[in-house]
Amino acid sequence: MMYNKFYIFFIVIILVSCSQIQKENKVAFNAIQTTNLVDLVNPLMGTDSDFSLSNGNTYPAIATPWAMNFWTPQTAKMGDGWAYKYDDKTIRGIKQTHQPSPWINDYAAFSLMAITGKLKYKEEERASYFSHKAETVKPNHYKVYLADYDVTAEVSPTERAAHFKFTFPEADSSYIMLDAFYKGSMVKILPKERKIIGYCRNNSGGVPDNFYNYFVAEFDKDFEVNHTWKDDWVLMENSTDSEGKHVGAIIGFKTKKGEEVHVKVASSFISHEQAALNLKREIGNDSFENTKEKARTAWEKELGRIKIEDDNIDNIRTFYSCLYRVLLFPRKFYEYDLDNNIVHYSPYNGKVLPGYMFTDNGFWDTFRAVFPFFNLMYPELNSNIMEGLANTYKESGWLPEWASPGHRDCMVGSNSATIIADAFLKGNMKEKDVDVLFEAVLKNATVNEGRPVNSVGRAGVDYYNKLGYVPYNVGINENAARTLEYAFADFTIAEMAEKMGKETVANKYYNQSNNYKNLFDNSTNLMRGKNEDGTFQTPFNPLKWGDAFTEGNSLHYTWSVFHDIQGLISLMGGKENFEAKLDEVFTMPPDFDASYYGFTIHEIREMQIANMGNYAHGNQPIQHMIYLYNYANAPYKAQEKVRDVLTKLYSATPDGYCGDEDNGQTSAWYVFSSLGFYPVTPGVNEYVIGSPLFKKATLKLENGNEFEISASNNSKENVYIESMLLNGANWNHNYLNFKDIQNGGKIEFDMNPTPNKKRGINNDDVPYSYSNKSN
């Protein structure tokens, strides 16, 4: 009996201890959520990528939110768009980068590297082996052990500057080199001032003739050796300056074991004096730890705008890693002059002008969810971005569609109109910019002459305005995709015009927004290229990527009627046919026709390996498609498939994306969708409901209000919405209103493992469609 009593007592003690441990773990877990969000971010997410297969096509951006300059370790050769590949084994330096995408490539890049022993300065020779086991990667801090030199290199960023710390071994020959890169550069060593100044001019297009990135690097140790190199890697010993196509600077000294050498670096697109001002203003006398902590604080402030509470730490890490990506672009391309005025070097006319400028963004990607996220969570930022777009129009005569840093010829559409209209309609535009930007979107929609590159304005606009579509057989590629995107842009122009009281203009563009119907082929229930004479293209293969479409096929682009899903449903013969067509995309095998490209492009391969039929989430045109079940009396299918994508295609790992992470768009899909809703139709005040991933999320809005999203019984199995309450009242609709969120409040999801097929199927439960408005 004593044995049994002792046994029972022992079990009780264990249970009490376990309970206490669980409580302590829960407290610790909550503390991590609320005070150490930066530590939940993995900037390596998506870096396991190359030309043939994208798991994100990202690099670790060591930066503050929307910073003018980023920094990243460089494992690839100078000029390689895949500057950091997770599987690479050596590092050549840590470079300043402005690259928005490997396909767009970099500009204004230069790097720093430290070595010991024999002088090796050529990029392949100086490269050091490293391991991810001896690498720390956070948004505010990068640290790596350079094994070949027994040196630890670290960097922490500000918006326009950075603080490096190199920890050396005992060595008679220790060096730090600044590689100013190719396509034009200059360096000048100033030993008495412990400085290197210079410039780099490398770019991938989109710059005026007077484009320079001026830099200054300040050291805290005297130089005992000064070398430079000139073109073709020719070493110039004991020299202090060099200028040419590709030059660099080397400074050297003796070091003791554990000695730290600090380098404070800043740059400017305006002048050396402005670079020095940027350095003084943003770092000044700060220590490395000061700079690191300031960058952490900047990230904590922005990441903390959304508080996640859940027991799945992996999902939380993925959320904040995605949110970090959303907050990187577009980059601030402006600086503060001596009088603290906002000024910018114009990448359009080469002048230094007052006001905001932002760049490094492809609107074909980001109009879908990134800019709607800014309108929801960052209205002041988006207002400044709109001012930057107005400045771009004033300085170049056109709105940007893909800017890096100036106009670049990439992608299709007229999506600047959508971004502008959505900001205006949600009240996120300064009054002084409204008329300028409206003039700009109308010019895009009517003028063909003078477009600086083919992606700016509307390629085929004369055909579109005459025929109602861009023809397949007139030498304008991706014509069907252009037509569909122009039609949606027309809708957003009409919405903007209507709010401005311009009824005649509004009616014109509302009518043009119906142009999507001109490409609908009722024999296949799909969109199809159409010839100038009104006949459809033949032969027609709905699985053919490219050709009439952009990085997708007819199965992907048929759904690009963002503003009028009901109109598309009617064309297909009703909701049952529409639902069946949606189902078909998922149930068919991942077959494809890559003949237009001549090889299997990475976007196709990413669709093929995802095991979701012909659904290609790794590319943007189809990312809203799952939510369209909400328009067809089958919202439970949207809930099921949204949750599948959230949990199967994303993770905070180097292979954590299922395709390109383009300027935050693929991440913004995750951020929105994990919260439980998504902006299917930018330009209207609704978000379409999916399936919330977390037990609780709180949005801290810029107006001071908070909006709480709870799903207390959420789980891996409970993916379906049984019912919803909005501020305590039953909510059957398949959408949320922008104003309801902005006003603050609470939405409560009751989740279930089985679908509620009776919820959200009434006519007034369906999200916005233009056809419903116009009837």
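The structure is a predicted model, in which local features need pLDDT of at least 70 and side-chain atom pairs count only at pLDDT 80 or more, while totals for chains, interfaces and linings use all residues. Residues are numbered from 1 along each chain as its sequence is written, and side-chain values use heavy atoms, with hydrogens and water left out. Helices (H or I, at least four residues) and strands (E, at least two) are DSSP runs numbered from the N terminus.

**Nonpolar cores**

- The largest nonpolar core holds 218 residues, and I176 and F373 have the most contacts inside it; such a core is a set of buried Ala, Val, Leu, Ile, Met, Phe, Trp, Tyr and Cys residues joined through side-chain atoms within 4.5 Å.
- Helix 12 (residues 479-499) supplies the largest share of this core, namely 12 residues.
- A second, separate core of 10 residues includes M68, A108, Y345 and M357.
- Leaving aside neighbours within four places in sequence, I176 is in contact (heavy atoms within 4.5 Å) with residues including L112, F166, F219, I250 and V263.
- Helix 7 (residues 370-377) is mostly covered, with 8 of its 8 residues buried, where buried means under 20% relative accessible area, exposed over 50% and partly exposed in between, using a 1.4 Å probe and protein chains only.
- Among the buried residues of helix 7 are F373, F374 and N375.

- An open sheet of 6 strands runs in the order 19-31-32-36-33-34 with mixed pairing; two strands pair if DSSP finds at least two bridges between them.
- Strand 19 (306-309) and strand 34 (729-730) stand at the edges, each with a single partner strand, so one side of each has no neighbour in the sheet.
- Strand 33 (residues 720-726) and strand 36 (residues 745-752) pair in the antiparallel sense over 6 bridges, and M724 has F749 in strand 36 as its bridge partner.
- Helix 19 lies across strand 19, strand 31 (696-700) and strand 32 (706-710), running at about 60 degrees to strand 19; axes are lines fitted to C-alpha atoms, for helices over the stretch in contact, and angles run from 0 to 180 degrees between N-to-C directions.

**A buried loop residue, L649**

- L649 lies in the loop between helix 18 (635-648) and helix 19 (665-675), and L649 is buried, with a relative accessible area of 12%.
- Not counting residues up to four places away in sequence, L649 touches A610, M612, H617, D644, G656, Y657 and C658.
- L649 and H617 are 32 residues apart along the chain, and their C-alpha atoms are separated by 8.5 Å.

- Most residues other than glycine have a negative phi, and most peptide bonds are trans.
- A cis peptide bond joins F329 and P330, with omega about 0 degrees, and P330 lies in the loop between helix 5 (313-326) and strand 20 (331-332).
- The peptide bond from S404 to P405 is also cis, with omega near -15 degrees, and P405 sits in the loop between strand 26 (402-403) and helix 9 (416-425).
- N105, which is not a glycine, has a positive phi of about 70 degrees; N105 is in the loop between strand 3 (93-97) and strand 4 (110-116) and is buried, with a relative accessible area of 17%.
- E551 has a positive phi near 50 degrees and is found in the loop between strand 28 (526-527) and helix 14 (554-557).
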